[in-house]
Amino acid sequence: DQAENAADFLQKAHKAFPKDADLLQLAAMNQFTLAQQASIFSAAGHAKDGLALLKQAVQLAPEDGDLQLNLIGFYLQAPGIAGGDEDEGKKLAKALADKDPVAGPLAQVLVLNSDDKTDEALKVIDSALQQQPQQSRLLAQKAALLLGKKQAAEAAALYQQAAQYAEKPKQKLSYLYQIGRLAAVEQQDKT
């Protein structure tokens, strides 16, 4: 299986480069994939292994907002038996909100979404966009929230803006993919 082969490779790579936070994050995400594929008896073990790796990555790169967002997302989404902890996720989100103008609002949205508070999440994103109207990740997050409210046309326009302002090619491709996906769904709904 690819995920198991990747886990073996990542374990060897981690031994060779124990201080590489990005490598630890990859290993953590792979463990989460293994947890999703595993039996009920071993899923929690993979999730806890992934959590440990992700926590190590955050310790090595505490200024990396994306790592912290992944950790917050895990805490909010995972069941308690697998290491999930809503209170810890909310605490980390609050701390991140105070120090990162992009990851902070995104963390707040994670918390609000986990509590099914989409309208409040939109207010957080709108407030952040007032400060940074060309921030692609904030634009894309607002688009995702609007999709949840069945506002596809508005979401597509925001994804278009996000693609225009994307800082990284991978982000731009992701946003363009969302536009294409929305167009395909809309066309399918018309037939």
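1. Helix H6 (residues 103–114) packs against helix H8 (residues 136–148) at an angle of about 15°, and their axes lie 11 Å apart. Axes here are lines fitted to C-alpha atoms, for helices over the stretch in contact, with angles running from 0 to 180 degrees between N-to-C directions. Helices are DSSP runs of H or I with at least four residues, strands are runs of E with at least two, and both are numbered from the N terminus.

2. This is a predicted model, in which local features need pLDDT of at least 70, side-chain atom pairs count only at pLDDT 80 or more, and totals for chains, interfaces and linings use all residues. Residues are numbered from 1 along each chain as its sequence is written, and side-chain values use heavy atoms, with hydrogens and water left out.

3. The crossing of H6 and H8 is left-handed, meaning that the near helix is turned anticlockwise from the far one by less than a right angle; clockwise would be right-handed.

4. On the H6 side, Pro105, Leu106, Val109 and Asn113 meet Arg137, Leu138, Gln141 and Leu145 of H8. Contact means heavy atoms within 4.5 Å. By class, the contact of H6 with H8 comprises five nonpolar, two polar and one charged residues; Ala, Val, Leu, Ile, Met, Phe, Trp, Tyr, Cys and Pro count as nonpolar, Asp, Glu, Lys and Arg as charged, and the others, Gly among them, as polar.

5. The protein chain contains 10 helices and zero strands. Its 191 residues would give a compact globule a radius of gyration near 16 Å, and the 18 Å of the protein chain agrees with this; the radius is taken over C-alpha atoms, and the globule rule is 2.2 Å times the number of residues to the power 0.38.

6. Most residues other than glycine have a negative phi. Asp116, however, has a positive phi near 55°; Asp116 sits in the loop between H6 and helix H7 (118–131) and is exposed, with a relative accessible area of 70%.

7. Lys150 likewise has a positive phi, near 60°. Lys150 belongs to the loop between H8 and helix H9 (152–165) and counts as exposed at 76% relative accessibility.

Definitions and conventions
Buried < 20%, exposed > 50% of the residue type's maximum accessible area, 1.4 Å probe, protein only.
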